[in-house]
Each structure stands twice: as C-alpha cells, then as structure tokens.
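Let's take a tour of a protein, one piece at a time. Keep the sequence and the 3D view side by side as you read.

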Amino acid sequence: MTKRLLTFLLTLVTCVVWLVPSVSPGGGVANAQTLANGFVVSGDFKGAGYSQIASLYDSGDNLGLRISVLDRAGATDQFTASVWYESAANTLDLGRMKVAATDVNFDGKTDLVALYDDGGTSVRILVWTSTGSGFSFTGTQGWWRSDSYAWSRTKAILAGNFSGAGHNGLLFIYQYDNFDMRIHYFESTGSSFLYGGNQGVYDSGPGQYDTTRARFVVGHFSRPDGPDQIASVYQYPNFKIRVHVFIPTPSGLQPLNGWAGVWESAEGTYDLSRTKIVGADLDGDKLTDLLSFYWYNDGSVHVHVFNGAKGLAFTDPNGVATFPPFSMPWLQTQVVAGDWNKDGFGDLATLSSLDDGSTHVGVLRSDAAVVGGPRTLQWSANQWVTAPTDAVPSACTQCWPLTGVATTSTLVSRRPLAVKIDNAPTGRPHHGISQADMVVELLVEGFITRLAAYFHSQDPSEIGAVRSVRFSDRYTTPMVRGTLVFSGGSQLMMDLVGRDITNGNYVGVSPQLGQGNSFYRTDADGKVVPHNLFTSSAALRAATNDVGGGAPVDVPRWGFLKSLDHIPSAGGFLGARAAFSLAIPYRADAAVRYDYDVASRTYARYQSNGSSFVREVDGANGRAIAARNIVVINTDVWVTDVVDDAGGAPSLDMRLVGTGHASIFRDGRRQEATWYRPTWFDPFTFYTDTGEKVLLSPYLVVGLLVGPFTPGYVADRHQIQVLADVGVVLLLFEVGIELDLNALRREPLGILVAVPAQVLLGTVIGAAAFVALGSDVRGALTLGLAVSLSSSIVVVNMTRSRKRTADDATARALLVWSVLQDIVTLVAATILAVILTPTTAAAAPLAVGKVVAFVALAATVQDWVVPRLLRTVREEPDTFLIVAVSAALVTAGVGATLFGVPLALAAFISGLFLSVRVEAQEARREVLPFRDLFAVMFFVAIGTLVDPSAILREPGWLALVLVLVVTKSLLVWLLAALFRVPARRPQLGVGLGQIGEFSFVVLGLGTAASVVTAGQFSAALGAAAITIAVSAIGVRLFPRGAP
C-alpha cells in the first residue's frame, strides 16, 4: 500500500524562494517593458498586401499602452519600428487583456481587438482600428460588454472570417467545468460585435477537452478558400499529440474526422510545453501549414512543419530550420508568422527579449534552393534591435548575487557556505538562518524537510542544527559555488559527494571529512543528539580555507530588481493576480503557511508543530522571518533504493535541471512563469509566456522545496475547486445513502407540503431581490435557489450532538425538512440546468429526458446490480466498502458524462436508490465513519474558495445573502406554523438557517453558465461559513423544553 501511495503521489516537487527585507518600501521605480515582451500579432495593418508585426506593450511600466509596428524596409529582411498608438499612464492594464488582430470595419486593413477584464465576470471588447499609419482607439465603452462573462475562462481568442459572409469575427475558446470546452462566436457589424450566445458554435461535452492541453491556430487547412478553419494541436498522455481541424458549417463548427483528428504522433515523441506553434503557408500552395518552434533537451531549436497538403502530417524530423544548442533564447522569444516580403510564401519572425533590456528581431524567410524545390526557412539575425540608448535593464548588476542588495564589497568573490540544517520539530527553532543569503527547504524521506542555508554576505556566530546530506544538495550547491556543510550520510551518498569534491563541483566540510573541530554539541533550546550539532560562520570559513576552498569564485547572479523601491508590476509581474496566502500541506508537524502583510509587503512564515502554526523565528537572534518573494517550482521526484534515514525510509531524488512550470509570489501578487536551469552550475531563471524575465525583490533569500506527498499548495484556486468538487460528490453520496424513503411516507402531510413551498417561495423572494439589485434573471434564480437550501450534514450534527437542546419532535422535523429539501433540489436543479443552457426549442425536453433516463439507469444499477455484487463480498469488509462506493461513483460518472447530470447530483441519486435496499444498511455502517472526512474535505475547501477581495469590491451581495438566510428562517417558522408541523418552530427556523452543500452544486451551475459573478459566488460562500457557525450555536441557545 505504501509503495502504491508513493507511486501515485511522487509527481511534484516545488521549490519556493522567498526574501526577507530589512527596510520598508517607498515609492515606485518603473522598469520598462520591451517590445518583445508585449502581445505580438501580425496582419496587414497598412492595407498594402503583405504582413507587418504589431506589439502592444507597456513601455513605461505605468499602466499605459504603446503599440509599435515593425515593417520590412526595402528589399532586405531589415525591419523598421514606428509607434502607431500611445496612451497616457494609468489608463490600460495589459495584464487584463487578451489580444487578436482582424479587419473589424471591412476597410482592408487589419485592426486590433482586446478582451478586457473589468473584474469579477465583467468584460469588454476594446477595438483599435487601423488608419494605415496609426491606430485609432474607438473608446473605453468597447464594442461589446457583459457582466456575466468570465475572462479567466477564456483561454484563447481566434480572429478571422468564419461565416464566409465577408464579416470577420472572433472565436473565444471558453473552458467550462468538467473539461467542457465551448467555442463562442462574436461577429463584427463594423461598429460592434454581436454575440452568438452561451451555447456557442461548438460544445465538446463534459470530460472531453482540457484547453490547457491545446494550441489553436486559424487558417485554411483542408481547402484553399471559403471560411477560415481552426486547427487544434492537443497533448494526450505519454507525450502524444493529435491534430484536430474544426470546419465552419451552417450548424456550427464540426471536427474533421471527429475525435480521431487528422494526424497523431506516436507516444513519447512530442511535448507541447516545449513548442510555440504558428500557422503560415510555407510552400505557397494556399493551404496553411503548422510550424512548430521546438526546443530540445540539448538546448537546440528546430522548426518543424505539419504540412497542410498532407493532412497536417509531421513531415520532417530535422525541420526546415535549426538553431545550435543555446544559440536561440527560446524562453525569451516570441514567434509570429506572416508574409513579410509579399512573395506569397509564409515567413516567420522571432522577437527575443534579452537581459540588457533590448529586443532582437530575427527573420526566418521562406526560401528554396532551386525554383520549385522544397522550401526551407533562411535565418537572418538582428533585423531590428533596440537602440542602445533605449535599452534599460531592470535587473541589478552591482549587487550581492544571492540577495540583489547593492554592494561594492570585495567579499562578493568569496565562496558561499551551503549548510544542511535540521527541520524536524525537535530541531527547531533554526539558528542563524535570518543571516543567510538564501535558504532552500528540501523534501526528504518521511514527508519532512531539511534546510540548505547559503551564507555569503553575512557571518552568523551560531548556525544549526547541522544534519546529513541528501541527493538534492549535490544539485543545488554547485549553483552557488559553495562549500557543502553537513554531518554524515549513507555510504553511497558519501561516495557521490567525494566524487563531486574531486571533480571540483564544490568543496566539503563535515566531521566525517575530517573537520570535526569546526562543530560542537549544545543543549540550546533543550536540543539532544542528533538535533544539537552547531557551528559558526568563522569556523566554517577557516575549514573551507583548510580544504582548499579559499580562492575567489564567481558566484552566478539570480535575477533581482535594482531596488526594493519598485511598483508591483515591475520585473515581469504585469498581469499578475492577487495572492494573499499560501499553504504547503506537509504532514501535520511540518506544514508551512505564508500570510501576506500589505503594510510591509511581505509574507510571514508559519510552521506547524503538530497542533498549531508557530511564527518562524531565528533561535539565534529572535528575528521573525518574513518573505518578500515565494517561487514555486514544479518538477519530478522519485523514490530511490538508497536509505539515508536511521529509520530505514528510502531517500528521494529529483530533477533540478531543465525546465518546468513555476508560480511566483511577490508584492501580494502571483505570476505564472516557466523555470529554466541548464546545468547544476546555473541558477534558476524564470520567464513569462511573453518571454519577459521575472525578477525577484532584493534582500535575504530563503527557499523552500516541497513535494510529492502534498496535494498541492493551497494557492491554486483550480486545485481547491477540484478538492471541493470531490468533497461534495462524496458528501452527497453519503447523504443519499442515509436517506430512508420508506420512512418519509409516514411523515405528516403538512411537512411534505411545507418544504416545497419554502424552497419555491425562498427562490422567488431571493430572485426578486437579486434582480432588484441589477443581477441577471438567470443568475438571480440560481442564487435564490442556492440561498433557499440548508445543509443536511449540519442538521444531522445538530440533532446527534450531545449538547442539543431540541426535543425529539423538533430534531425529527429538522432532519425531515432538510431531507425533503434535498429531494426537491433534484427537480429544481434539473429545471435550472435547462434554463441556464438554452439552445433550441427541443433542448429542454431533451435535457429532461436525459435526466429521466439517468434516474432509470441509476435505479436499475443500484436496485438490482449493486445488491448482488455486495452480497458476494459481504464477508470482506474492505472489499464491500470499495464496491459500494465505487459502484455509486461510477454510476454518477456515467450520469455526468453521458446524460449531462451534474456529478454531485448524480452521486446523490445513486446513494438514494441504494438506500432502499437491505444491503444499504451494511453499506451505511461502512460509509458512516467517512462522513466527517467527506464533510471536512468539502467545507475546508469551500472556505479557501472565498475571495475576500471580491466581497470587498461588492459588499452588498454578502449583506443581501445574509438577509435572505434570515428571511428563510422566518419563512420556515411561518410555514411550519401554517401547516402545523410538530416542532418548536422558532428553533426549527434557526436550525435550518444556513447555506449548505447542495447550494454549492447550484452555484456551480451558475458559475459554469457565467450568470453568477465572482462577487456573488464569494458572498454566498462567505455567508455559508457565517450562517453555519451562527445556526449551529443559535440552535443550542433555546432552553430544553422551550416552546
């Protein structure tokens, strides 16, 4: 079991780098974006019959916009650059834009279009029309706007003539929940865009298309004329790709050859994360070819062709152009296609952003050795370069290489000390780390971590506790040219370290290497062996000199901004999103949390001792650790056969060279990037998807490596959403299996009427209130229904608590009322799902028919198939539990995938039908111990999904939801009295006065349909947290025996 768990979990390692400042930030110092860092598109902006390049970028890093156009000059490949548009500062945030180019006013010149994020689910389409020598901004009102369209779900914008009627339009690749992709169509009228509706021109269906795995290109792939087509290159598992082509038809987009696509690679051959794909007619046959700018492991870059004339097949493994290893800065380069010289053949251009602040434009021109021969791409470098006077590097150049602090000290050439420090609970607090230049926290066996502290610019008098070496130390120490300081290791590890020292990778200081006099034991903080081995900077530097490490070294520089005094978007943070907390869920006594403080612009670090989080403090000087930057690096980790741990646990190894995804936290914001490190001797560097280098804020760096056992750091909203979805599915299955439908028949008629009436009236009242405050009608219905529902799990805990004050009749009424709400929700949610996805007149009956068909299927499976399976495994409790749960969840999965029933509702139905069987009693007993686990998964995840900033932007929504919950309690009280429900009616109203698990399902339908805004969603979740606590306490305030 343990090995299977390790195999499943060992897929991720994260390296977190954070910096500790010692001064307060001041004003802002701008760090200009270069032309190569902008949104780069091509088109005939001049209307001259050939292509030019446009870049939209923030030249002053001051929330202004500059649009420069690169145009070929004369008969050579040289380009000239001219500014066609420039806005004032603080007018447009490029980080809120997604850009495309097409002729929107039908004058023969390409225009620019941007989907602009106004926050929440409010967006606009902004337009800049070309005059042939400049761009004219058509106004901030835009050509289309919506308050219920999610910018974050729009994964790509494609532009072209998709209708064949001469009116160009836009296709938005939109990602719904459950990997359902829809393509929405916007057609230009010449002065506005007409939206074709949420149903889109293509719907993949649930579970079919993850847009993060796809690259989209517009062109003519299967025919030379007619409406534009869309090619999608999709990454399948095991590094296999498949090319799909979508063809416009009167009924929408249709995939050519269905899901089989037009071409696919073998497994293990193509990694989409290593390629940039564009479309161009390379060979002049009027069919668009796909050109892949592919980065190989050896640092070389090849341009591959997927030939349009051959069904977009991959035709040349060597490529039509090749760059030797490390000659093309792939991560810092954008690629754009067009016909630069008007010869009818497609060309490419590269725009590279270098560390000195300059842009270098290269040309790959379509050429043939002989007339009519095969086409290749002829490379011409530096066809446009930023003028030296305009290149302003953002990074520091005269500073400590591991902190970014400016210095003229000669000590910058001394060798850093890389000390391995204990991080077991008995090894805390750490001593000396506040004076380190950088600290990396490395995951080791047993799901705990150890620290590697790098001391360069400061000299602490006390460092500890020193512990043994691991694989990762061999990979990180060379990048700082360090002295590896440790105490012990396995025989294999000692042999590997000895070999590294002999090869000159670093020098070593350790009691086992003969430098025992540099260390001492102490009982500081009550530490005992092996957690009490200490040393000092002076002792380690003397030992370093003794082993031949005293000569000057050139320590590679990490990327730092010039000053602490910078604006938040500086250094590659344009477009970064707010991030105020980060949690690293190690095991209970090693978990780490960071909380952002706006005043100091730092993340305070806390570490768990097993029962609570404790603020990280240096044991040597009492200085609290506060992080200015956090960098999360994703890579690969695996279990080895080496045992370094005294307890016998196998060591972990990891990949710390190459490339991968990184999330960088700085200034209260989060930026996604790519990390790159070619060898052990190089530092990590980080680049955005536009090639801009991400720079860290200066001062003391501390790093953290977390890894394979974590479900992921809790800053990723999508991961939290997945956890919440899993929690609610399991929770509602458990709720369904606990229901007793036969018992409901014996309940008084009054309550059977009162509950549907309460849900209906509550929905109507809530919807009316939301509409009155400006909400969309469909969104208002969604929110009204969500607020009308209570939590069955909370009610169950109320009635079973030893501290309950409700009498038996009231407890029974609470349970029955919540159960009936769940059953009513099945019907209401089905109707709501139909309302939220309008398509044609036949759509509603079809959707209802699918739900009825699934109910019939679930009844058959759970009433006939599953009981027979359970009877065969009754003597094996573990197998019995697995069969009971998995059968229900498989049935639910079928309902979601084939019948369009929300997964959580399908799980509830599966549990409900199983509950009527005799075997359900035993299944209920087996599942019951997991109920609290399911509830914790769901409610904790829900709490982390609340966006405080969204609530603060629109506090009225939270107030309205809370008022409506109070109204629901009053409504329950009145209806219980009207229909003579036997219960203490005020206590019944308070007990049902919360928002629960089914509300989350309903809200999920609304957010997927973009009719519930981020502010409304967060308000509902925030109200759920408040009302659950208030109702749980309030229901106990009624004295026993009160009326």
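## A helix to start with

The helices here (H or I, at least four residues) and the strands (E, at least two) are DSSP runs, numbered from the N terminus. The expected span of a helix is 1.5 Å times one less than its number of residues. Now try that on helix H17, residues 955-978: with 24 residues, H17 reaches 35 Å from its first C-alpha to its last, close to the 34 Å expected at 1.5 Å a residue.

Before going on, a word on where this comes from: the model is predicted, so local features need pLDDT of at least 70, side-chain atom pairs count only at pLDDT 80 or more, and totals for chains, interfaces and linings use all residues. Residues are numbered from 1 along each chain as its sequence is written, and side-chain values use heavy atoms, with hydrogens and water left out.

Which residues of H17 are buried? A residue is called buried under 20% relative accessible area, exposed over 50%, and partly exposed in between (1.4 Å probe, protein chains only). In H17 the buried ones include Trp957, Leu958, Leu964, Lys968 and Ala976. Just after H17, Arg980 has a positive phi of about 55 degrees.

## The whole protein

Zoom out and you'll find 20 helices and 50 strands. The protein has 1043 residues, and 59% of them count as buried.

A contact means heavy atoms within 4.5 Å. Among contacts between residues at least 6 apart in sequence, 64% join residues at least 24 apart.

## Two enclosed strands

Strand S17 (residues 229-236) has eight of its eight residues buried, so S17 is largely enclosed by the rest of the structure. In a regular strand the side chains alternate between the two faces of the sheet. Here, Gln229, Ala231, Val233 and Gln235 point one way, while Ile230, Ser232, Tyr234 and Tyr236 point the other way. Two strands pair if DSSP finds at least two bridges between them. Strand S16 (residues 214-219) pairs with S17 in the antiparallel sense over six bridges, and Val218 stands opposite Ile230. Strand S18 (residues 240-249) also runs antiparallel to S17, joined by seven bridges, with Lys240 as the bridge partner of Tyr236. In the hairpin of S17 and S18, three residues sit between the strands, and Asn238 takes a positive phi near 65 degrees.

Strand S30 (residues 417-421) has five of its five residues buried, so S30 is largely enclosed by the rest of the structure. Leu417, Val419 and Ile421 point one way from S30, and Ala418 and Lys420 the other way. How do its neighbours run? S30 pairs with strand S32 (residues 448-455) in the antiparallel sense over five bridges, and Leu417 has Phe455 as its bridge partner there. With strand S34 (residues 483-485), S30 pairs in the parallel sense over three bridges; the bridge partner of Ala418 in S34 is Leu484.

## Rings and charges

Rings of Phe, Tyr and Trp (its six-membered ring) pair if their centres lie within 6.5 Å; planes under 30 degrees apart count as stacked, over 60 as edge-to-face and the rest as tilted. A search of the whole structure finds 39 aromatic pairs.

Then look for charges: one sits over a ring if NZ of Lys or CZ of Arg is within 6 Å of the ring centre and within 35 degrees of the ring normal. Lys98 lies over the face of Trp151, at 4.1 Å from the ring centre, and the charged end of Arg274 sits over the ring of Trp295, 5.2 Å from its centre.

Find Pro388 in the loop between strand S29 (375-385) and S30. Is Pro388 buried or exposed? Pro388 is exposed, with a relative accessible area of 74%. The C-alpha atoms of Pro388 and Ser358 are separated by 7.8 Å, with the two residues 30 apart along the chain.

Last stop: an open sheet of three strands in the order S33-S37-S36, with antiparallel pairing. Its edge strands are S33 (463-464) and S36 (520-521), and each pairs on one side only. Two bridges join S33 to S37 (residues 533-535), and Gly464 has Phe534 as its bridge partner.
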